[in-house]
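Please look over the sequence and the model below before reading on.

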Amino acid sequence: MAEHTHAHKDEHEHHGPRFYFKIYLVLLVLLVVSIIGPELNNRVLTLITAFGIAIVKALMVAAYFMHLKVEKKYIWYMLYTMLLMVFLFFLGTAADVMKSDGNNWTNESAHRLIDQHKGNAPAEH
Amino acid sequence: MGMQTPVATGRSVTGIPTGRLAVWWIVGSEIVIFGGLLMYYIMLRNKFDFWSESSAHTNTFAGALNTFILLTSSLFIVMAHYYAEQKDHIKSFKYIWATIGGGLCFLLVKSMEWTFEIMSGYTITSELFWSFYYTAAGIHAVHVIAGMVIMGIISFDVLQRKNMHRVELIGIYWHFVDIVWIFLFPLLYIAK
Amino acid sequence: MSSSTHAAHHDDHHHHLSFWQKYIFSTDHKVIGMQYLLTGIFMGVIGGYMSYVFRMQLAFPGKEVPFFGLVTAAEYNSLITNHGSIMIFWFAMPVLIAAFGNYLIPLMIGADDMVFPRINRLSYQIFLLSALILIASFFVPGGGFGGAWTAYPPLSAKAEYNLTPWGSSLWLLAVALEFVAFLLGGINFITTLMNARAKGMKYTDIPIVLWMIVIASILFMASVGPLIAGAIMLLFDQMIGTGFFDPARGGDPILWQHLFWFFGHPEVYVVLLPAMGIVAEVMTTFSRKKLFAYKTVLFTTIATGVLSFFVWAHHQFIAGIDPRMANIFVVTTVLISIPIAEMLFVYIATLYGGSIRFTTAMLFALAFLATFLIGGVTGIFLGASGADIYFHDTYFVIAHFHYTFVPIAVIAVFAGLYYWFPKMFGRFMNEKLGKIHFWGTFIPFNTIFLPLFFTGAAGDHRRIFTYANFPQLATPGLQDLRIIATYSVVAIMLFQFVFFWNFFYSMFRGAKAGKNPWNANTLEWVAPSPPPHGNFDVFPEVYRGPYEFSVPGRDQDFWPQNEKA
């Protein structure tokens, strides 16, 4: 049995190099899919393949490479909480920053910029 | 100055070694820092559809290559950790340097990419999209460099079989840097 | 295992440390705590001096201020900006969190030091650097930053508006470095409290002040991220001309406000919590009573912390945010007053029926309750967006936040200093001088800020350097109130000399104090006064909670945590 450093006294069966390499291969496949997806020019497909896969890849790196799968649960909770803070910030701010007009207000500067670009916008990418 | 490690450092009421606990908190704080920056980017990207024209000029191949490089370097540092646990300090040392090499390749690709973009006139002040592009990737690159430096320092300890537990710690940090790039890539390169 | 019960015998006795190693480059948490305390107090004096200068200008506009000279409009802006920034970032935070946190955490959990002593030292060095950079900003062409501590762009982004090109970037750099120092320090505190506790110390045996300091560190960590990103963006706007906050280029100044206040609101709880913790320790010891409801206080604190992330836009009610957002934030803002009021009730309940001993520390602790109450209640006026339309940017706001901040950063700090002074220096501070200092602080504090509620309600705008051109405000009645406030500032400053004399004299010549002069229960009173490097000969073990005072059936009215049953 592999000798454990004191850092993993409470350990689980230890994954070996082949296991990590397998995870790596899955990640590579996902990377390829996430690049091909957007090339098919479908907005929903792009969102799923580019961002959905990013989330899956991130979770895999977190769970297997960072060993979060065998870490104490509350570390997950702490990390999710920080992520939640980020989304909370988005929620409170998007109403003002993400739109360029709403009930009784317009963001003139933003409209000007958008119109400027419409004026000399090339054909859709 | 010879400082003796305090008894406190070795205690572990939670069961998680102190160093690892600390690195998780560092990752936590970095999530909010990068998150804040990226949320602003996402909000403006949604507002300004015309940014898709600018982002068409980013080099998807370079971005994908860099994603591949970072994923591979993440694999290497996991291996370095595995061998550190096996007490194979030579293999661990080699894999740490392979990871550093990956970081170096990442920075090289980025420098070439940026040089080309700057010479084509896309500088940090040319348009707000590009300001974000350089700032976000730049802050990320600073974290890559910091990781490489710390890895280098740890590797020499490992060679002397000292502080082997730190390989895991810098690994966690490096994986986080990898994860940030996993999100930066679609945001800056793919959403066209 | 032997290393966990007996302290490693630290090698002071056969390894003579030079002055530099012992006091300047030390990794000992007590020394680092002192460094933060003294640096923080020094910066606080500078911040206080600035308030003296600008209040003199407001009371006697256009007249030369003694020990300063004539105050120009630009200088006025610089003074108020740096007063606010210094008091929050370089006085309140370092003293409440870094000084008390560093000093107390290892002692109160029965450890020999923080878990990362060298990172601890690094965090102080970064903090010191940030303070030096801020001070340097006063001497560059244009002077110190003049865009208010909130640094809203475009004023803060364009030198042509703020007139302080160097000052604004140095200020931003100083603030960013201060954030880094506190992130590093916070990680040390959180990890130490989580992992390095003495044997037997359950979560509910941890003294409340430590919970407060650590929860504050977590709040700081979770809220400062977006602002760090924002600070980098603002720095780029200032120095290289990007347009992150420039509407003409697609940026949005309102975003800066959100970034700032998303941090800014939890920040006030970051400083409130340690202050409430200090007051809890002092109050329980000097009323010889258990904290009324430990678990309630703990969970309420956590709830307050969580809720504090949902109230931030009440600082932006009239900035042009979406009114539907404003409605949501009104509800959350008024809601958050409930847990805090509840904590105040718990504190009062702790006092009820106790055997109160009116030491100077206790006087300050009680004063905290009274004055913070006024501060908190006046916040409710401001939390109602309708009323805030009138009150925003008036002196009513200033009076509100000084009635919260000064109790937090000054009154509670003094309570803590008088209380732990015997532990830190092995000597007592003089009680008579302490009482003179107390009344000389408490009374003028009220006569500074009570009038300002009235001038604010009458319409006094914030950040205005003279009211001469506002006919409705340039009345003798209002000017009288401003003058009363200013004279009170002078008075409160003069009485601080009593404190400084007492503090430094007693350090060397005060009456000697033993290990546990107040007959308290927590573990710091087990170590010698002052504690040596390593703190404890034998690490204490914990058998009970921290507030076992007046337990029926015992002859002593206290029961130390480490005493075997």
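In this predicted model, Leu59(A) is partly exposed, because its relative accessible area of 38% falls between the limits of 20% for buried and 50% for exposed residues. Leu59(A) is part of helix α2 of chain A, and it is also one of the residues that make up a nonpolar surface patch.

**The nonpolar patch on chain A**

- The patch covers about 450 Å² and is made by Leu59(A) together with Ile55(A), Tyr80(A), Leu83(A) and Phe87(A).
- Two helices of chain A, α2 (43-65) and α3 (73-97), each supply at least two residues of this nonpolar patch.
- Of the contributing elements, α3(A) gives the most, with three residues.

**The interface between chain C and chain B**

- The size of an interface is often given as the accessible area lost when the parts come together.
- Chain C and chain B bury about 3600 Å² between them, and 71% of that area is on carbon and sulfur atoms.
- On the side of chain C that touches chain B, two or more residues come from each of the elements α1 (2-5), α5 (117-137), α7 (165-195) and α8 (208-240) of chain C.
- The largest share of that side of chain C is given by α8(C), which provides eleven residues.
- Counted by residues, 51 of chain C are in contact with 39 of chain B.
- Between chain C and chain B there are twelve residue pairs in polar contact, with both residues at pLDDT 80 or more, whereas the count of salt bridges between these chains is zero.

Methods: Residues numbered from 1 in each chain as written. Chains lettered and ligands numbered in written order. Predicted model: local features only at pLDDT ≥ 70, side-chain atom pairs only at ≥ 80, totals over all residues. Heavy atoms only, no water. Patch = residues over 30% accessible without salt bridge, like charges linked within 9 Å, V, L, I, M, F, W, Y side chains within 5 Å. Areas by Shrake-Rupley, 256 points an atom, 1.4 Å probe, with all protein chains shown as cover. Salt bridge = Lys/Arg side-chain N within 4 Å of Asp/Glu carboxyl O. Helix = DSSP H or I, 4+ residues; strand = E, 2+ residues; numbered from the N terminus. Buried < 20%, exposed > 50% of the residue type's maximum accessible area, 1.4 Å probe, protein only. Contact = heavy atoms within 4.5 Å. Buried area = accessible area lost by both parts, 1.4 Å probe. Polar contact = N/O pair within 3.5 Å; in protein donor to acceptor, adjacent residues only side chain to side chain.
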